[in-house]
Amino acid sequence: MLTTEYYISLHIQGSDAATFLQGQLSNNVSALLPGKSQLTACCNLKGRVIALFPLTQLEPHHYVALLPVNLSDTLIKTWGRYLFRSQVILTLQSAVDLPEQNIDLWLTYRDWETDRKSTRL
C-alpha cells in the first residue's frame, strides 16, 4: 500500500515551469494534460537516473512531482543549479496535501510500483 508518510510532493510553478522541466526530465512535458500523470526520470549529466517519479500538471504553469522523501533534497539541489534566470519556484509539501482530484498521480505511481515488484527475479 502506498502511504503518504514516505512521499513528498514537489510543486514546480511559474511561467517557465514547462520549459524548465522539459530540459530536466526524460519525457515530453508539453504532452501532459491537466490532471493527468506520466512517469518520468531525472538523469544526471552522464544519463544515469537520479529519480524516477510521476509528474502531473495541476493547471497551466503548475506541475507536481511525487517523490520519495529521501530523494527530495537531491532533486532540489540538482535542479537548483539550473534555476538561474528562470521564472520557476520549487515548493515542497506533504503528499497528504495533494488535492483529491489528482488521484491519477497516486495511481500512476502505485501501478508502476506493482509492475516493478512483479518483474523482479
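Predicted model: local features only at pLDDT ≥ 70, side-chain atom pairs only at ≥ 80, totals over all residues.

Which residue in strand 4 is the bridge partner of Tyr 7? Look across from Tyr 7 and you'll land on Pro 68.

Now zoom out. The protein chain has three helices and five strands, and from the N terminus on, the elements read β-α-β-β-β-α-β-α. The five strands make up an open sheet with antiparallel pairing, in the order 2-3-4-1-5. Strand 2 and strand 5 (89–94) sit at the edges, each pairing on one side only. From one strand to the next, the twist averages 30 degrees. As for what holds such things together, strands of a sheet pair through backbone hydrogen bonds, either parallel or antiparallel.

Strand 2 (residues 37–43) pairs with strand 3 (residues 49–59) in the antiparallel sense, over seven bridges. Here Cys 42 stands opposite Ala 51 in strand 3. The hairpin of these two strands has five residues between them, and Gly 47 takes a positive phi near 90 degrees.

Next comes the pairing of strand 3 with strand 4 (residues 62–68), antiparallel again and with four bridges. This hairpin has two residues between its strands, and His 61 in the turn has a positive phi of about 70 degrees.

Gln 57, found in strand 3, deserves a stop. Its place in the pairing is opposite Tyr 63 in strand 4. Is Gln 57 buried or exposed? Its relative accessibility is 9%, so Gln 57 counts as buried. Leaving aside residues up to four places away in sequence, Gln 57 touches Leu 32, Leu 33, Pro 34, Gly 35 and Lys 36, along with His 62 and Tyr 63.

Turn to helix 1 next. Its buried residues are Ala 17, Phe 20, Leu 21 and Gln 24.

Not counting residues up to four places away in sequence, Leu 21 touches Ile 12, Val 29, Leu 55, Tyr 63 and Trp 79. The largest nonpolar core has 19 residues, and those touching the most other members are Ile 12, Leu 21, Leu 25, Phe 53, Leu 55, Tyr 63 and Trp 79. Strand 1 (7–13), helix 1 (17–24), strand 3, strand 4 and helix 2 (69–80) each supply at least two residues of this core. In soluble globular proteins, nonpolar side chains tend to be buried together.

Finally, step back to the whole chain. Of the 121 residues, 38% count as buried. Among contacts with a separation of 6 or more, 63% come from residues 24 or more positions apart.

How values were computed
Residues numbered from 1 in each chain as written. Heavy atoms only, no water. Pairing = 2+ DSSP bridges. Core = buried A, V, L, I, M, F, W, Y, C linked by side-chain atoms within 4.5 Å. Buried < 20%, exposed > 50% of the residue type's maximum accessible area, 1.4 Å probe, protein only. Contact = heavy atoms within 4.5 Å. Axes fitted to C-alpha atoms, helices over the stretch in contact; angles between N-to-C directions.
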